[in-house]
Amino acid sequence: MRALTDSPYNFEHFRTRHLIVDAVRTWRLSGIKPGEYAPDFELDDTEGQGWQLGAHRERAVLVHFGSPT
Amino acid sequence: MDFVDVVTRQAHPGPEVPPYSTQQQKREDAVAYKREEHIPWTVVVDRLDGQVHRQYGALPDPTYIIDCDGRVAFYGTFTHAPTLHRAFEALRDQEWRGVALGGYDRRPHLFAALVDGWPALRRGLPQSAIDLETATPGGSSLPFLVYQFRGLLRPLARRATPLPATTRVGLSLAAIAGATALVAARRARST
């Protein structure tokens with residue numbers, strides 16, 4: 001698994017190994033488990049304004065991670 | 001409920017959409033992505049090394065629903081609007097707190113990706129399609145073919161709510177009837 005995950009985050013070519021890693025991570029439910037606290041983060045939006053997850057407490061938040069391609 | 005989309009990386013890079021090498025390039029691409037996909041809610045740009053994406057599991061198309069206390073109420077490893085809709089309703093019934101709908105869904109919901117995946121791949125042509133077809137035969141040719149029938153299939157693929165049981169039974173029967181007719185036609189031709 002380590003050999004598979006050693007490829008750079010911003011890879012040049014999509015390969016079979018990326019599919020395998022995705023399948024294994026899905027099977028393991030990699031990430032934040034249900035019931036756990038979602039780690040806070042602050043990132044800039046497309047307007048250059050800061051957006052912080054922690055500032056949205058008291059409201060439910062839907063967070064989607066996606067790629068333009 | 002608030003919505004946010006986090007831009008991660010070029011999943012299927014190509015000549016016009018190379019892997020991100022600067023934060024500025026990533027931000028500009030996120031602006032175009034929000035505009036071209038008509039995303040009405042906030043789009044944020046992850047760090048160049050995918051710091052937040054990796055912390056949250058680094059899957060290609062996941063969605064988290066986070067409750068009012070800041071805990072994960074639901075984790076869909078492959079974003080599927082009807083399932084999210086059910087999780088949303090369950091969380092609302094729980095007054096927006098706690099684990100909803102069993103907490104996760106890790107089924108591979110490929111139908112929507114097949115119907116609407118081609119425009120994303122098209123941004124990186126020809127490399128994106130060649131790479132994906134090589135990695136998994138049919139990976140780009142199938143989305144291309146299915147995309148040609150998008151007018152017919154989009155109402156199903158983009159539905160935001162689960163199909164009623166009667167519709168599901170009807171579609172299953174239609175699929176069985178279609179497959180039976182196909183087999184019968186092949187047999188008739190071979191005799």
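**View 1. The elements of chain A in sequence order.** Read along its sequence, chain A of this predicted model follows the pattern α-α-β-β-β, where helices (H or I, at least four residues) and strands (E, at least two) are DSSP runs, numbered from the N terminus. The radius of gyration of chain A, taken over C-alpha atoms, is 16 Å, well over the 11 Å that the globule rule (2.2 Å times the number of residues to the power 0.38) gives for 69 residues, so chain A is more spread out than a compact globule. Along the principal axes, the C-alpha atoms of chain A fill a box of roughly 40 × 30 × 20 Å. Residues are numbered from 1 along each chain as its sequence is written, and chains are lettered from A in the order in which they are written. Because the model is predicted, local features need pLDDT of at least 70 and side-chain atom pairs count only at pLDDT 80 or more, whereas totals for chains, interfaces and linings use all residues.

**View 2. Helix α2 of chain A and the residue that follows.** With 13 residues, α2(A) reaches 19 Å from its first C-alpha to its last, close to the 18 Å expected at 1.5 Å a residue, the expected span being 1.5 Å times one less than the number of residues. Just after α2(A), A:Leu29 takes a positive phi of about 55°.

**View 3. The side of chain A that touches chain B.** The contact (C-beta atoms, placed from the backbone, within 7 Å) takes 43 residues from chain A and 67 residues from chain B. On the chain A side, α2 (16–28), β1 (42–45) and β3 (61–66) each supply at least two residues, and β3(A) gives the most, with 6 residues.

**View 4. Strand β3 of chain A beside strand β1 of chain B.** β3(A) and β1(B), the latter spanning residues 2–7, pair in the parallel sense over 6 bridges, and two strands count as paired if DSSP finds at least two bridges between them. Within this pairing, A:Val61 stands opposite B:Asp2 in β1(B).

**View 5. The two domains of chain B.** Chain B has 9 helices and 5 strands, and it is divided into domain 1 (4–157) and domain 2 (163–191), with bounds that come from an automatic or database domain assignment. The C-alpha centres of domain 1 and domain 2 of chain B lie 32 Å apart, and the C-alpha atoms of chain B fill a box of roughly 65 × 50 × 25 Å, taken along the principal axes.

Key. Contact = placed C-beta atoms within 7 Å.
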